[in-house]
Amino acid sequence: MTLVSGWGRFPVVDSDVLRPRSFAAVGEAVSGGTVARGNGRAYGDAAIGTVRTVAMTAFDRVRSFDPATGRIRLEAGTLLSDLIETFGPRGFLPFVVPGTRFVSVGGAIAADVHGKNHHGEGGFGRYVDSILLRTGQGEVIEASREQNSDAFFATIGGMGLTGVILEATMRLRPAETGWIRERVISASDLDAAMRALEASDSATYSVAWIDCVARGRDLGRSLIYLGEHAQTDELAEGAAAFPAGKDPGLSVPIDLPSMTLNRYSIRAFNELYYRRGARRAGGSRVVSLYPYFFPLDSLKDWNRIYGKRGFLQHQCVIPQPNARDVLGDILERVARRGDASFLAVLKKLGQGDGILSFPLPGYTLALDFPVKGDILNFLDEIDRLVVAAGGRLYLAKDARQSRATFAAGYPALQRFNAIRKSLDPAGNIRSKLSQRLFDEV
Amino acid sequence: MTSRKSAIVLGGSSDIGRAAARALAKAGYDVALAGRDVAALEPDAADLRARYNVDVGLHKFDVLDTASFEAFVDSLPALPDVVVSIVGLLGVQQNAESDLAHATMIMRSNYEGPSLILGLFAERFLARGNGTLVGVSSVAGDRGRASNYVYGSAKAGFSAFLSGLRARASRGGVHVVTVKPGFVRTKMTEGMKLIGPLTVEAPVVGDAILSAVEKKTDVVYVSGKWRLVMLIIRTLPEAVFKKLKF
């Protein structure tokens, strides 16, 4: 047995980790209590099998690529960072990227990850045409919108519970450059932030960094980052059409003492960050796609700044009609505690594509908390507000929500379970997450 | 129009072989992959073509079949600019201590075969007046250790061969690179206890090989830390060294 955890380093649990090198070996690895794992960037327990975990990153081959259409067939362990570095210089980028490029394609499908363009362009699954899936009962099937469509829509956002994703065919976006024209808007409170996001529906990319320790009339003050793909003629003289993708230069070499992040250091950081951003507001500039999409990737192992007890990310989505009031209530409570970390994110989402996809039309708020004190009780309290508002939590980030919260947030669960059962009657595919939230007890 | 540079990777199905082939193809080389099982190399060839839009050839090559080496080199459609030998066999030290056949296989896979094939390519390169040969050896060859001296001694022989070949061939316009990767997370090392800060991923080795080819480096320790570690290990007096169990 090996101790395994997700990116949040909580919980840490036992599971046998296997690294098959052939699809046949993947099949042999799957038996009671198995789930696939990509690059381990799910925060909680989604990519940990109850008995064994099948690591998929050795499967990183591109099968074919058509430069006329941007259509690509690849093995599911391929990382988005690899796709960006390989195909960016050839004029193609993934349509959807989450906040880190170090995720596998299989993981991105399983979590139906969203990016800063979800309000207009949808999630990762929208650009997936078909999936080669090894089901729990041992069949290898090709699933698409036309063929095995139930399996297809259950696999997109299905957290790996329909089987092991072996390969996928997806579309890449033609992109003349690897640069983004970024415009920053400062919003002095939550109302202003939401108004600015509403007014930015036509922007390709939009996201707000929200100061979750600011209180009173500053509650919800935000910096909104809008982005458009830059054309060649917008680049600085002599700039390469595609920026160099540097490996993370800085890294966090050790677990920092958990007191490094406290209400004073966070408050000071946020104050500086907001003021600096507000000064830049209004103008626009061309930035490399790396800092625009992946601000934290430049700090390797940033999850260690929370100390060895790990951290929890709470990411909820609140349907549009209730969003303002409920988010105000949540932020009020979070600000009063003062221990939510920097880089809380507010973002408008559109419709999800998979049966269990997280997004729904409304606003998503993502907050990080170090694991300590009464944080679990506090998050249960927040969950009650989310459930009452008809919202839900993002499974890729979750490590602790209750069955009741989950069931309330995902009304399509029964349909998902029926499809899962048909693909895996014996229940071979099980993760720690499914054990906690889905499986019959 | 200048024709594109070409490279052949011997041991193309290994993790380091795949990484080296990718790094070379990314830099614009047409790449040939050579290994025992050509069919097994097909997905990697497709990967290189799809990613980098380069020509990829596949060739059957068995490092133990030294009698076939001349025919192998003759059968190549053209003499490449770069030859990278990744082939090697870690084996099991404990078995090699009593099983002569196993020890022989480790010695032949890591020393005899790689040396002979690179030596053969060297002759062709010298006749042409240019070319680069890359041998992936090991830090294990820097000093024989109790825990893996059969493998280590074969790598030591290979390193010495490369060193001598380099001295001779450099006068004829041919460059020889010795690569000592240290711990790499690969199929070969799976299940071994690797020391985190001294361990790299295969793509790092691939990039180091490309960089050594382009910069004409002589000896590459992929992680600079290994140069220091091996300096210490090499300078320990034998009386102390023989008491160490590692």
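This is a predicted model: local features need pLDDT of at least 70, side-chain atom pairs count only at pLDDT 80 or more; totals for chains, interfaces and linings use all residues.
In chain B, seven strands form an open sheet with parallel pairing, arranged in the order S3-S2-S1-S4-S5-S6-S9. Strands of a sheet pair through backbone hydrogen bonds, in either a parallel or an antiparallel sense.

Within this sheet, S1(B) is mostly covered, with four of its five residues buried. Five bridges connect S1(B) and S2(B) in the parallel sense, and Ala7(B) is placed opposite Val31(B) of S2(B).

Helix H2 (residues 38-52) of chain B lies across strand S2 (30-35) and S3 of chain B, and runs at about 165 degrees to S3(B).

H2(B) also meets a helix of chain A. The axes of helix H2 (residues 80-87) of chain A and H2(B) come within 9 Å and cross at roughly 55 degrees; the two helices are therefore oblique to each other. On the chain A side, Asp82(A), Thr86(A) and Phe87(A) of H2(A) meet Ala50(B), Arg51(B) and Tyr52(B) of H2(B).

Helix H9 (residues 323-337) and helix H10 (residues 375-388) of chain A pack at an angle of about 165 degrees, their axes being 10 Å apart. H9(A) and H10(A) are therefore roughly antiparallel to each other, and their crossing is right-handed. From H9(A), Val326(A), Asp329(A), Ile330(A), Arg333(A), Val334(A) and Arg337(A) take part in the contact. Their counterparts in H10(A) are Ile375(A), Phe378(A), Glu381(A), Ile382(A), Leu385(A) and Val386(A).

Strand pairing in chain A was examined around strand S19 (residues 362-370). Nine of the nine residues of S19(A) are buried, so this strand is largely enclosed by the rest of the structure. Strand S17 (residues 311-319) of chain A is joined to S19(A) by nine bridges, and the two run antiparallel; in this pairing, Gln313(A) has Asp368(A) as its bridge partner in S19(A). Strand S18 (residues 344-349) of chain A likewise pairs with S19(A) in the antiparallel sense, over five bridges, with Lys347(A) opposite Thr364(A) of S19(A).

Over all chains, the structure holds zero disulfides. A disulfide is a covalent bond between the sulfur atoms of two cysteines. For Cys212(A), the closest cysteine sulfur belongs to Cys316(A) and is 12 Å away, too far for a bond. Cys316(A) in turn has Cys212(A) as its closest cysteine by sulfur position, at 12 Å. Cys212(A) counts as buried at 1% relative accessibility, and Cys316(A) is buried with a relative accessible area of 1%.

Notes
Residues are numbered from 1 along each chain as its sequence is written. Chains are lettered from A and ligands numbered from 1 in the order in which they are written. Side-chain values use heavy atoms; hydrogens and water are left out. Two strands pair if DSSP finds at least two bridges between them. Contact means heavy atoms within 4.5 Å. Axes are lines fitted to C-alpha atoms, for helices over the stretch in contact, and angles run from 0 to 180 degrees between N-to-C directions. A disulfide is a pair of cysteine sulfur atoms within 2.5 Å. Buried means under 20% relative accessible area, exposed over 50%, partly exposed in between (1.4 Å probe, protein chains only). Angles under 35 degrees count as roughly parallel, over 145 as roughly antiparallel, 65 to 115 as roughly perpendicular and the rest as oblique. A crossing is left-handed if the near helix is turned anticlockwise from the far one by less than a right angle, and right-handed if clockwise.
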